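Hi,

Here is the structure I promised to pass on. Have a look at it, then read on for what I found.

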Amino acid sequence: MEQKPGWKYSFSTLLNQQIAVNEKTQILYTEDKTRYEPSETEILKSVNFEIPLQLHIIKKVFGGTLWKL
């Protein structure tokens with residue numbers, strides 16, 4: 001994943017890929033280009049951005065919005 005200014009990058013061991021959070025908008029993208037909205041990013045902060053793989057696959061295939069974990 002190409003690193004750009006204004007984004008905070010980390011590696012998710014559960015997803016085995018990098019994730020990036022925009023420091024201004026709080027939008028999160030995964031290396032496979034799955035987008036998480038700011039409200040979802042806030043939820044994922046509570047688990048240190050370790051997104052459960054099953055949840056991520058469902059989000060990637062079907063879309064939708066996280067409400068809670």
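With 69 residues, a compact globule would have a radius of gyration near 11 Å, and the chain has 11 Å, so the two agree; the radius is taken over C-alpha atoms, and the globule rule is 2.2 Å times the number of residues to the power 0.38. Those C-alpha atoms fill a box of roughly 30 × 20 × 20 Å along the principal axes.

Before you go further: this is a predicted model, where local features need pLDDT of at least 70, side-chain atom pairs count only at pLDDT 80 or more, and totals for chains, interfaces and linings use all residues. Residues are numbered from 1 along each chain as its sequence is written, and side-chain values use heavy atoms, with hydrogens and water left out.

On to the fold. The chain has 2 helices and 4 strands, in the order β-β-β-β-α-α (DSSP runs numbered from the N terminus: helices are H or I with at least four residues, strands E with at least two). Buried residues make up 32% of the chain (buried means under 20% relative accessible area, with a 1.4 Å probe and protein chains only).

Helix α1 (residues 38-45) is worth a look. Its buried residues are Glu40, Thr41, Ile43 and Leu44. They cover an arc of only 160 degrees around the axis, which puts them on the same side of α1 (the arc is that of the directions from the helix axis to the C-beta atoms). Their cover includes β2 (17-22), β3 (28-30), β4 (35-36) and α2 (53-62), counting contact as heavy atoms within 4.5 Å.

Cheers

Definitions and conventions. Buried < 20%, exposed > 50% of the residue type's maximum accessible area, 1.4 Å probe, protein only.
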